[in-house]
Number of protein chains: 4
Amino acid sequence: MTAGQDGINEAARTLPNFRSDNVAPVRPEILQAIAEANRGPAAAYGDDDYSKLLNRRFSTLFETEVTVFPVSTGTAANALSLASCARPYGAVYCHEEAHIHTAEGGATEAFTGGAKLLPMPGPHFRIEPSNLREALASAGWGVRNRAQPDAISITQASEYGTIYPLAEIAEIGAIAHDKNLSLHMDGARFANALARLGCSPADMTWRAGVDILSFGATKNGAMSADAIVVFDQDLVESLSYRLRRAGQTASKMRYASAQLLAYVEDRLYLRLAAKANAVAARLGAGLAALPDVRLVAPVEANLVFLNLPGQAINRLAAIGLHFARRGHDVIRFVARFDSTEQEADELIALVRSAVTRS
Amino acid sequence: MTAGQDGINEAARTLPNFRSDNVAPVRPEILQAIAEANRGPAAAYGDDDYSKLLNRRFSTLFETEVTVFPVSTGTAANALSLASCARPYGAVYCHEEAHIHTAEGGATEAFTGGAKLLPMPGPHFRIEPSNLREALASAGWGVRNRAQPDAISITQASEYGTIYPLAEIAEIGAIAHDKNLSLHMDGARFANALARLGCSPADMTWRAGVDILSFGATKNGAMSADAIVVFDQDLVESLSYRLRRAGQTASKMRYASAQLLAYVEDRLYLRLAAKANAVAARLGAGLAALPDVRLVAPVEANLVFLNLPGQAINRLAAIGLHFARRGHDVIRFVARFDSTEQEADELIALVRSAVTRS
Amino acid sequence: MTAGQDGINEAARTLPNFRSDNVAPVRPEILQAIAEANRGPAAAYGDDDYSKLLNRRFSTLFETEVTVFPVSTGTAANALSLASCARPYGAVYCHEEAHIHTAEGGATEAFTGGAKLLPMPGPHFRIEPSNLREALASAGWGVRNRAQPDAISITQASEYGTIYPLAEIAEIGAIAHDKNLSLHMDGARFANALARLGCSPADMTWRAGVDILSFGATKNGAMSADAIVVFDQDLVESLSYRLRRAGQTASKMRYASAQLLAYVEDRLYLRLAAKANAVAARLGAGLAALPDVRLVAPVEANLVFLNLPGQAINRLAAIGLHFARRGHDVIRFVARFDSTEQEADELIALVRSAVTRS
Amino acid sequence: MTAGQDGINEAARTLPNFRSDNVAPVRPEILQAIAEANRGPAAAYGDDDYSKLLNRRFSTLFETEVTVFPVSTGTAANALSLASCARPYGAVYCHEEAHIHTAEGGATEAFTGGAKLLPMPGPHFRIEPSNLREALASAGWGVRNRAQPDAISITQASEYGTIYPLAEIAEIGAIAHDKNLSLHMDGARFANALARLGCSPADMTWRAGVDILSFGATKNGAMSADAIVVFDQDLVESLSYRLRRAGQTASKMRYASAQLLAYVEDRLYLRLAAKANAVAARLGAGLAALPDVRLVAPVEANLVFLNLPGQAINRLAAIGLHFARRGHDVIRFVARFDSTEQEADELIALVRSAVTRS
């Protein structure tokens, strides 16, 4: 089949596309790794050499023994991570804008068997340690009609592209462990946060108290491979069964593992994320300088949230520009590893035109 | 990374590998389709051109309007299909050797919210219509403490490689619809059955009463793409939400859709399955002729189940041959699209040697 | 056994007990009804004469055909009612102080298979129709990663003893039905609300759009019998199965049905509730007149929530007074059908003493 | 209300009623205990004196420290007991005729979050230790796509009225603990078994390896009170939360506790069960002596299962006799604590008449 015969990919795409990181193609290095893995038969369900190597490589990368489970989506990574931490009568604390709460269709409730997500507000779209302490203080520990605290979930980078400083993660980690809770990190944009902070993967995770990590790769250049990285080895056994019955244990796992290996090889993931972050920073600076435009959150990763007049938003929509809306006067742009500075400049020009015509 | 540097794929693989169809690599046509789909940005979550084309192509293939949902595993396909048919207090009738009952870790129970699988015996590892009628007659319809019949699941080809004749599917379909039940087909080896029967996809499914199909592709040459094909459009809406919250809605769905499109293009799937079936037939014939060896089931698809002396099984294991065991004196060999007649002959020789030394 | 031999009921109970309506004994009329029902064998699981009569009597009481299911607790009534309305990927809108959200241990999440409760603020602890409209407007209808609106749950009287006027229920009912949602009423204190409003049971429920009602009786004089009253007969079948598998279908149902019949006989339930309301009103007026004491909500049913200095609260606790705390400076008193004006006056005197010693 | 005014209990009941133990009324001692508990306010949710005493009394009764949770039905007792033992990806082994498998509407699947019941055949409707060993040997321990053994459930007396000898329970208990599984006993007819064996409650439970017990009382004279008796204290905490969110923690628990206390006071429960057993024995002997009548199982408790010609069954149904059917030619009679020898003789005469007219 030639896709073109069916009109695929033929539409002119003249406008810069900052719709989401999910619209990105796959990086050539990763496609190449898939092709290399495609040699003869290999053991299924993770007993292949690539999958075995995955645990070793990631253990090296994270400077501690980790267990890595490739999964097909970030939703699966989050919900199954939390299902391994939270009892059916448990509670998971998260920010009120957390993806697990607002945009995964109840996956965590489903896989935990009905645990409660307890969302809390917090400046810059991050959980604030003092809010968390207060919430935990009034959690009703041991009260049989109250959902019992089991886990905390933070998103790094957050859903609005802000980033927890290491000290803040560590503070949340200390709170978690003081209360015997698990700390989960939704790392859908893990690489973007890491590239920004310039620290080691270990520093941003287990050294700061993270027990289990949703390690995102698909948004940043992989094809169909996110992963759960488990630091707390007590969570591994339960998780391994839960993954299988969730239909998340790929039979031909070598192809997912090969993607993840290539993704971290030679710091590819950091180079890609840094590129996306840089384009976002340029975009954020250019847009913030426009009249009637306000950044909703500081641009620390690859996401730019703008507050601008509804009329301007309508104009942007009318010309066919792709973007996500958040309420009446906020829109989101996402820079990808394959976004360019030129596209950023084009977008700034489009927004300028939309707001100045008001 | 060069995998070889880590010792991957370097072990000598001198013995023919008939361990499972899951050990197969990916067919070049399918890898090529993935590479072709890798051009620039594309809409996420199924709004891309490949995924839209998928519904049209499969509707043509099945000669009726179908809705296709790519999923990452056959377990997800089965369990979510059944979750769209069966209420939490419902029951699903299946063969006692059905994969959904014996080898998916309770996935159907999990995704349905606790529906019961009601396994039944049946010759040649197929549900027998008369058994089914009897089971349904004593199902306790309307009795509040009995799980209520909601669906029937058949596996085509069956877990033992036997195949339902069209008339038998139609009989089961008639029973199902007479009782207002859904008929699900686990088509993990759909192509192998279709190649054997030589009928159309429509004849083997909706024309015989099938409402929803787990369409397997991964075992037969795809990389990470099975699918749910829905004939009963009333099941679509519920299923679409269930897939998303199950973490089975891939963001970069184009790559799964491209695999599925290539899989059926120019009848590739049938050619691959026919090849596997032919090798299995040769293997079955050769093995059945050996002393002390008995086929457990007729070889109708790509699976060969042998009854042979435990001592012979031990000898085969001792030389490092890959195979699956079923109880004390039964083993399974699986032919793949990339298996060869020469490998079959080598395997026959190995088994001959193992049994004749007894 | 004489309980006294084990020290039961022997402790001096000199302080008035306004801890909760759950501490109340059973009304003699209801005990008497149980004794009367205790004659010879009777069909089990609701096929007895009392249970059959229950549907007729309640249909008369509510002036429409209803189906009544006795259950053993209010939590079961709420969670199973909502499970009959909400899909696993559905959402239930409720007030942020709703008992289903704060004090039932995740029962609704459990029985629905993981639906989301979406709590919202609202003055006087009631859902405000305008808030509800706004929440529904941004609900993401049809968006696959968002929980889909299925039901609204209001509590009448509310958890803080406030009462929805009929017009407000009707407005919420109209919103619900306009959006094809079910309206559930948590009537743990149904009688208290009804006694206050002085309207008919029909006016406060189905005529205002209520589809299913948790009908509380235990707090107001019954022993172990709450009920689900279903107005929307489409919900009945699913509910009947869900109740049985939840272990909520009593085998000797006649004893629960007899309680419920006696509870409404000769308007007993309204007389009991009016008594509790009157004591609470006296209590509220007396307490509100004290220095440093503020009512948190108007006293419209049998609940009194007070804001008073933490030091005064500590004094009340120190003398052994029973009450529930809500945060640092709020406490709750509950008047029961068996509370007396004298006890209310004693309590007022105790609180006066506690606050004036500050 | 006078029930008679509504025609309740007025129909002539001239035929002996051996339909089920659930049709029985409540014993006067138990009604009396409820009335005695009805004095003034008492703490809710199990903090009352009766509920506290319950743990002490049952600990004495069972000669070890136990925790007792009153529940409203046997289904709740069974399903929640097993939910405290079995993980969502776990398996529970039971007899193929176990009530939890055939007659609780999937309650165990629901409350465990989708664990599998693995039914097995066994003579006299009891699990046979050798079958159990074999099943466990092929359970696929550690295999990720197989439900993992977590618990064994036996019914004492069994659903067909047969009784496990102590040595057999102990053998099953040893198997369970050898494999680190929990042993649950469904004691819906616990008293009947105990009365028959003449041993102590301790001997029939924890001394033989039972970890958790569904303690039935409702069938044998209580009104609405069964209980979970926990021997393995590690199961208590999880269970206490699960009960509350299942709506099984009664607010006015004193009335359930009072029933259970009276039930065991002065060995009432054993006296009642012995009576029922004696009537059943008389019935069994009388019926077995009839032509064309065969006992399906030895009469060891209060249940009598008969095989007799379908025509005779039809005649019995035609005269309005109450009984349960099991398939085409088997019926069940149940003797209760309030059944009489005269009724047994009447029933024998009726069956004689039905079979001899053939």
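Q: Which residues is Ser257(B) in contact with, leaving aside its neighbours within four places in sequence?
A: Ser257(B) is in contact with Tyr50(B), Ser51(B), Leu54(B) and Pro70(B), where contact means heavy atoms within 4.5 Å. This is a predicted model, in which local features need pLDDT of at least 70 and side-chain atom pairs count only at pLDDT 80 or more, while totals for chains, interfaces and linings use all residues; side-chain values use heavy atoms, with hydrogens and water left out. Residues are numbered from 1 along each chain as its sequence is written, and chains are lettered from A and ligands numbered from 1 in the order in which they are written.

Q: Where is Ser257(B) found?
A: Ser257(B) sits in helix H11 of chain B, residues 254-264. Helices (H or I, at least four residues) and strands (E, at least two) are DSSP runs, numbered from the N terminus.

Q: Is Ser257(B) buried or exposed?
A: Ser257(B) is buried, because its relative accessible area is 0%. Buried means under 20% relative accessible area, exposed over 50%, and partly exposed in between, with a 1.4 Å probe and protein chains only.

Q: And Pro70(B), where is that found?
A: Pro70(B) belongs to strand E1 of chain B, residues 67-71. With a relative accessible area of 6%, Pro70(B) is buried.

Q: What does Pro70(B) touch, not counting residues up to four places away in sequence?
A: Among others, Pro70(B) touches Leu54(B), Asp226(B), Met253(B), Ser257(B) and Gln248(B). Pro70(B) and Gln248(B) are 178 residues apart in sequence, yet their C-alpha atoms are 8.1 Å apart in space.

Q: Changing topic: how many helices and strands does chain A have?
A: Chain A has 14 helices and 11 strands.

Q: How much of chain A is buried?
A: Of its 358 residues, 64% count as buried.

Q: What does the C-alpha trace of chain A span?
A: Along its principal axes, the trace spans about 60 × 60 × 35 Å.

Q: Now the chains together. How many residues does the contact take from chain A and chain C?
A: The contact takes 17 residues from chain A and 17 residues from chain C.

Q: Which three residues supply 41% of the area that chain A buries against chain C?
A: They are Gly105(A), Lys116(A) and Asn145(A), which supply more than any other three residues. Buried area is the accessible area (1.4 Å probe) that two parts lose on being put together, summed over both.

Q: What do chain A and chain C bury between them?
A: About 1,100 Å², with 48% of it on carbon and sulfur atoms.
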